[in-house]
Amino acid sequence: MKYCFFSFLLVLVSCTKNQKKTENVLERSYDFYTKGKEIYELNCKYCHTRGGSGAPPLWDFNDWQDRYKKGIDSLLDNTFKGYVGRKGIMPPRGGCFKCSKEELELVIKYMLLQAKVSPPQDSNL
């Protein structure tokens, strides 16, 4: 009987640890989607809804896929520093001057999700 109790206790403790890990993943997923969407709605949609100034429209899978092939770091760098090139222009931080680099990464991930772009196999997304 004593061993049954300790076995049950061990299972209970291991389930609690896994639950916390799952909650952290879900919390990060929620954060990325809701915070990314919020930033997009306030700062990005004006150019990315219709493709103004050469911005890839949110719905244009091919345009996003081409840009994403360069990697998330390249997208984040162009967003943070701004971009002027043959595909268009983007102000530094996408015009969200109060946004941190981490917040800009959230909005990029949100936009990639909306464009239905699949991350490369070696990606951490």
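Author: Helices here are DSSP runs of H or I with at least four residues, numbered from the N terminus. This is a predicted model, where local features need pLDDT of at least 70, side-chain atom pairs count only at pLDDT 80 or more, and totals for chains, interfaces and linings use all residues. Residues are numbered from 1 along each chain as its sequence is written, and side-chain values use heavy atoms, with hydrogens and water left out.

Reader: Thanks! Which helix holds His 48, and is His 48 buried or exposed?

Author: His 48 belongs to helix H1, which spans residues 2-48. Buried means under 20% relative accessible area, exposed over 50%, partly exposed in between (1.4 Å probe, protein chains only). The relative accessible area of His 48 is 8%, so His 48 is buried.

Reader: Which cysteines does a disulfide join?

Author: A disulfide is a pair of cysteine sulfur atoms within 2.5 Å. With S to S at 1.9 Å, the pair is Cys 96 and Cys 99.

Reader: Why is that disulfide of Cys 96 and Cys 99 right-handed?

Author: The handedness follows from the torsion about the S-S bond. The disulfide of Cys 96 and Cys 99 is right-handed because that torsion is about 65 degrees.

Reader: And how far is Cys 44 from the nearest cysteine sulfur?

Author: Cys 44 is in no disulfide. Its nearest cysteine sulfur belongs to Cys 96, and the distance is 7.1 Å.

Definitions and conventions:
Helices (H or I, at least four residues) and strands (E, at least two) are DSSP runs, numbered from the N terminus.
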